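Here is a short briefing on charged contacts, a charged surface patch and helix packing. Keep the structure open while reading.

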Amino acid sequence: MTDLSRYRNIGIFAHVDAGKTTTTERILKLTGKIHKIGEVHDGAATTDFMEQEQERGITIQSAATTCFWKDHRFNIIDTPGHVDFTIEVYRSLKVLDGGIGVFCGSGGVEPQSETNWRYANDSEVARIIYVNKLDRVGADFYRVVKQIEDILKARPLVMTLPIGIEDQFKGVVDLLTRKAWIWDESGDPMNYKVEDVPADMADTVEKWRETLIETAVEQDDDVMEKYLEGEEPDVETLKRCIRKGTINLSFFPTYCGSSFKNKGVQLVLDAVVDYLPDPTEVEPQPEVDPEGNETGEKAIVDPARPLRALAFKIMDDRYGALTFLRIYSGRIEKGSTVLNSFTGKTERIGRIVEMHANSRNDVDSAQAGDIVAVLGMKNVQTGHTLCDPKSPATLEPMVFPDPVISIAIAPKDKAGSEKMGIALSKMIAEDPSFRVETDEESGETIIKGMGELHLDIKVDILKRTHGVEVEMGKPQVAYRETITQRVADSYTHKKQTGGSGQFAKIDYVIEPGEVGTGFSFESAVTGGNVPREFWPAVEKGFNLSIVEGPLAGYPVQDLKVTLTDGGFHAVDSSAIAYEIAAKAAYRQSMPKAGPQLLEPIMKVDVFTPDANVGDVIGDLNRRRGMIKSQESNPLGVRVKAEAPLGEMFGYIGDLRTMTSGRGQFSMEFSHYAPCPRNIADEVIKETKERKGK
């Protein structure tokens with residue numbers, strides 16, 4: 001039996017360019033997994049194995065790897081930092097027990113760090129914080145710690161302090177042991193000395209150490225009592241208190257270093273062992289019924305219990321589809337049969353492999369606590385549960401955001417058409433935030449995603465990985481429609497053909513619903529004028545109709561329908577008659593209810609050098625943006641704004657021109673808001689022309 005207390009399932013997440021992948025490379029080197037360090041900027045990093053990742057110097061899909069440190073097994077997932085790929089972070093956090101949040105020493109808490117931190121809070125994942133890049137110009141460890149408190153509303157527990165800063169950065173002080181770790185300039189992570197704290201730092205070290213102890217002892221009343229009486233706890237007792245506080249999310253042990261210069265990473269690895277939970281120390285995954293409600297049962301991490309595993313990622317490679325599994329309880333063996341509780345079908349486990357980025361080691365079995373990939377799965381998708389056929393169960397599924405942008409694509413030649421269909425179906429399985437639809441009227445293939453970069457990469461993958469050249473249309477925005485007025489109306493559906501006819505009369509009120517409610521229906525009928533068994537048919541008729549609004553055929557949201565009265569016929573009334581009546585009533589009344597076009601509003605976060613702030617703000621105003629805040633830091637200014645997605649296409653090019661290539665931005669969906677009249681008229685006209693109406 002494997003000792004689960006020596007397992008650590010961890011993810012590394014951060015804003016784009018904070019050094020996640022570089023940190024992962026250093027961890028793999030220190031743990032003996034690789035012998036030569038690959039650099040991201042050279043396109044040689046182990047976990048960035050896609051061509052697109054190597055060219056752009058960004059991580060696009062999460063990569064899994066396994067390594068060992070001090071007799072502990074680490075299953076590590078290196079996640080992307082770019083906002084268009086947050087889905088990868090979300091689904092990785094869902095199956096991890098702990099995480100390392102990496103922050104840039106000069107950039108501090110950046111937009112994507114906030115999003116990832118929010119996801120980690122939602123998933124209740126214990127984390128340690130690593131402030132990286134302290135060798136960079138403008139780096140300031142203490143400023144980043146303050147930002148973590150102010151912006152993330154988190155409680156960092158400072159464990160190490162930097163010795164020197166920027167090009168003078170040479171090591172760190174471990175506050176627990178009061179020892180200084182100093183590296184030489186050879187760049188070898190093993191070339192360090194452990195010595196006494198530099199004299200000029202003694203007071204600072206004592207001040208921060210006192211804060212550390214006071215925070216840690218809050219976790220144990222007995223230790224706290226002794227501390228208040230003047231007895232300082234020993235290092236082992238402090239570690240026990242820090243572990244307890246980290247696992248219950250009271251605080252986050254905070255480290256510093258420079259991964260690129262190989263300084264400080266060992267202490268982070270020790271912290272993973274000392275403070276992050278093993279699989280048995282986290283709250284077990286809840287089991288749910290077919291409707292998604294919790295049953296009260298939990299998937300307790302134990303190899304002896306029935307199998308419960310969650311498929312959290314599908315990856316297609318040259319050997320076929322790989323399904324990544326997090327096993328919560330039980331065990332799987334090569335050649336065994338498991339049940340997919342979503343499809344109700346059994347699947348045979350072909351091969352089980354441990355992943356190291358895109359290479360693999362075959363294993364015969366895996367058990368609770370493991371993260372492995374299996375080959376041979378036919379109908380498993382992201383979020384499906386695999387379980388013991390004799391003891392079926394479903395784990396809490398994953399929820400994915402709706403896409404906000406779409407583009408029409410077409411193969412350049414006839415031969416590419418079939419290849420494109422096969423390639424797209426593989427890509428949908430890999431990425432649940434990527435959707436494909438066929439426009440019924442025009443016959444066009446529409447791809448939908450989370451942003452321009454997201455779709456840009458997908459088209460690139462189609463071309464290079466699958467050899468399909470495509471032509472792209474103009475990006476389309478996912479508009480919505482709603483209504484602004486209350487309308488009370490009545491509709492009678494009567495049809496008489498030979499034999500029994502159809503009859504349904506409904507009196508109803510259509511009105512704007514609460515923001516964010518989607519569609520709601522209630523019946524206020526009394527006296528049986530519309531028998532109770534026909535109410536669901538009326539609801540269904542309206543619900544099926546809201547996919548197409550009255551203005552331009554966009555889906556309708558925030559609509560409330562109340563059935564107030566009606567009439568029925570003892571022979572001719574049926575559920576289908578009431579459903580038809582509801583659909584016709586929708587078409588009759590929606591145009592009278594003050595329909596309005598809604599556009600997606602994005603949260604935009606722009607980083608710009610000081611000299612270009614005026615241009616950037618002026619440009620955002622021109623794009624109908626609302627400036628929310630401005631903050632300066634030594635490297636430039638961060639502008640937060642909200643702007644309509646429709647105005648933000650091609651923004652990266654304009655921003656680079658304005659800032660001589662030094663500006664950066666990220667953007668994520670915030671909410672829907674009414675579209676100004678002149679813009680709405682233009683969109684409606686364009687949409688109708690496109691659909692050929």
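Arg155 is partly exposed, with a relative accessible area of 35%. Its side chain meets that of Glu218 in a salt bridge (3.2 Å, N to O). Glu218 lies in the loop between α6 (202-217) and α7, and Arg155 in the loop between α5 (141-151) and β6 (156-158), so the pair ties together parts that are 63 residues apart in sequence. Glu218 is partly exposed too, at 39% relative accessibility. This is a predicted model.

**Other salt bridges**
- The structure holds 29 salt bridges.
- One of them joins the side chains of Arg326 and Asp97 (2.9 Å, N to O).
- That pair links distant parts of the chain, 229 residues apart: Arg326 sits in strand β15 (residues 320-329), Asp97 in the loop between α3 (86-95) and β4 (98-104).
- Arg326 is buried, at 1% relative accessible area, and Asp97 is buried at 3%.
- Arg351 and Asp362 form a salt bridge through their side chains (3.0 Å, N to O).
- Arg351 is in strand β19 (residues 351-356) and Asp362 in strand β20 (residues 359-363), 11 residues apart.
- Arg351 is partly exposed at 31%, and Asp362 is partly exposed at 45%.
- A network of salt bridges links Asp619, Arg622, Arg623 and Asp654.

**Negative patch**
- Asp221, Asp222, Glu225, Glu229, Glu231, Asp234 and Glu236 form a negative surface patch.
- Helix α7 (residues 221-228) gives the largest share, three residues.
- Asp222 lies in helix α7 and is exposed, with a relative accessible area of 55%.

**Packing of helix α12**
- Buried residues of helix α12 (residues 535-545) are Trp535, Ala537, Val538, Gly541, Phe542 and Ser545.
- They pack against β32 (502-512), β33 (519-523), β34 (559-567) and α13 (575-589).

How values were computed
Residues are numbered from 1 along each chain as its sequence is written. This is a predicted model: local features need pLDDT of at least 70, side-chain atom pairs count only at pLDDT 80 or more; totals for chains, interfaces and linings use all residues. Side-chain values use heavy atoms; hydrogens and water are left out. Patches are made of residues with over 30% relative accessible area and no salt bridge: like charges are joined within 9 Å, nonpolar side chains (Val, Leu, Ile, Met, Phe, Trp, Tyr) within 5 Å. Accessible areas come from the Shrake-Rupley method with a 1.4 Å probe; for residues, only the protein chains shown count as cover. A salt bridge is a side-chain nitrogen of Lys or Arg within 4 Å of a carboxyl oxygen of Asp or Glu. Lys and Arg count as positive and Asp and Glu as negative; His and the chain ends are not counted. The place of a charge is taken as NZ of Lys, CZ of Arg, CG of Asp or CD of Glu. Helices (H or I, at least four residues) and strands (E, at least two) are DSSP runs, numbered from the N terminus. Buried means under 20% relative accessible area, exposed over 50%, partly exposed in between (1.4 Å probe, protein chains only). Contact means heavy atoms within 4.5 Å.
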